[in-house]
Amino acid sequence: MLRAAESADVAVAQALWAAPAHAMLFQPPEPGEAATLAGDGQLHVWAPGGRAVGFAALAVWDVPGGVFWVRAFAVAEPGRGHGRAFLAALLSHLFQARGAHRIGLDVTLDNAPAQALYAAAGFVREGILRECWLRPDGAHVDCVMMSLLRREWQMPPP
């Protein structure tokens, strides 16, 4: 289900990342960014049944300290349960296989469903970055900073 992006997944992830539905929620990728992240092992896909229906773009802020940043996270069909399952699998992977100590992210202040998803997974709201980026419509948007520490994370039951 969760796997590192393969070359065939890059176009799917890039298209989902740049989709108009996501333009107001997070910054779009640079041309070729998904391919670069895939090559660095920082692009993961959610592929129940083998077909990628979601992606997560990561950044490693501190390799020895295990600090990760979720740059973008999305599923193709919100509301179908993919987001919760995908996030749980991603957190398990980062904390268990990659040795994460801290996972951080930001989400737009007006994206209540995403904030609820992250809070349900244990993320803690740390503060607000005022007018942190410019949306395609020309409006600046505030972002909520959230994080989850290893000691706060609850491993899902088998």
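Because the model is predicted, local features need pLDDT of at least 70 and side-chain atom pairs count only at pLDDT 80 or more, while totals for chains, interfaces and linings use all residues. Residues are numbered from 1 along each chain as its sequence is written, and side-chain values use heavy atoms, with hydrogens and water left out.

Helices (H or I, at least four residues) and strands (E, at least two) are DSSP runs, numbered from the N terminus. Two strands pair if DSSP finds at least two bridges between them. Let us begin with β2, which covers residues 43–46. Strand β1 (residues 2–4) runs antiparallel to β2 and is joined to it by three bridges, with leucine 2 standing opposite tryptophan 46. Strand β3 (residues 54–62) is also antiparallel to β2, through four bridges; here valine 45 has phenylalanine 55 as its bridge partner.

In a regular strand the side chains alternate between the two faces of the sheet. In β2, Leu43 and Val45 point one way, and His44 and Trp46 the other. All of these residues are buried, where buried means under 20% relative accessible area, exposed over 50%, and partly exposed in between (1.4 Å probe, protein chains only).

## Helix α4 and its surroundings

Helix α4 spans residues 112–120, and its buried residues are Ala114, Gln115, Leu117 and Tyr118. Seen down the helix axis, these buried residues fall within an arc of 160°, so they line one face of α4; the arc is that of the directions from the helix axis to the C-beta atoms. On the other side, Ala112, Pro113 and Ala120 are exposed. The cover over the buried residues of α4 includes β4 (67–75), α3 (82–97), β5 (102–108), β6 (124–134) and β7 (140–149), with contact meaning heavy atoms within 4.5 Å.

Both ends of this helix have a detail to look at. At the start of α4, a side-chain oxygen of asparagine 111 comes to within 3.3 Å of the backbone nitrogen of alanine 114. This is a polar contact, a pair of N or O atoms within 3.5 Å; within protein, one must be able to donate a hydrogen and the other to accept it, and residues adjacent in sequence count only if both atoms are side-chain atoms. Just after α4, glycine 122 has a positive phi of about 110°.

## Two nonpolar cores

A nonpolar core is a set of buried Ala, Val, Leu, Ile, Met, Phe, Trp, Tyr and Cys residues joined through side-chain atoms within 4.5 Å. The largest one has 26 residues, and Phe73, Leu91, Ile103, Tyr118 and Phe123 have the most contacts inside it. At least two residues of this core come from each of β3, β4, α3, β5, α4 and β7, and α3 gives the largest share, six residues. Leaving aside residues up to four places away in sequence, leucine 91 touches Ile103, Ala121, Phe123, Leu148 and Trp153. There is also a second, separate core of 16 residues, with Ala13, Leu16, Ala34 and Phe55 among them.

Eight of the 10 residues of β7 are buried. Strand β7 pairs with β5 in the antiparallel sense over seven bridges, where aspartate 106 is partnered by methionine 145. Strand β6 also pairs with β7 in the antiparallel sense, over seven bridges, and there tryptophan 133 is partnered by valine 141. The hairpin of β6 and β7 has five residues between the strands, and glycine 138 in this hairpin takes a positive phi near 90°.

The structure holds one disulfide, a pair of cysteine sulfur atoms within 2.5 Å. Cysteine 132 is joined to cysteine 143, S to S 2.1 Å. Cysteine 132 lies in β6 and cysteine 143 in β7, 11 residues apart.

## Accessibility of selected residues

| Residue | Relative accessible area | Class |
|---|---|---|
| Histidine 82 | 18% | buried |
| Glycine 79 | 85% | exposed |
| Alanine 100 | 0% | buried |
| Cysteine 132 | 31% | partly exposed |
| Cysteine 143 | 0% | buried |

Histidine 82 is part of helix α3. Not counting residues up to four places away in sequence, histidine 82 touches Trp46, Pro48, Val53, Val75 and Glu77. Glycine 79 sits in the loop between β4 and α3, and alanine 100 in the loop between α3 and β5. With the same exclusion of residues up to four places away, alanine 100 touches Gly66, Phe68, Leu94, Phe95 and Arg150.
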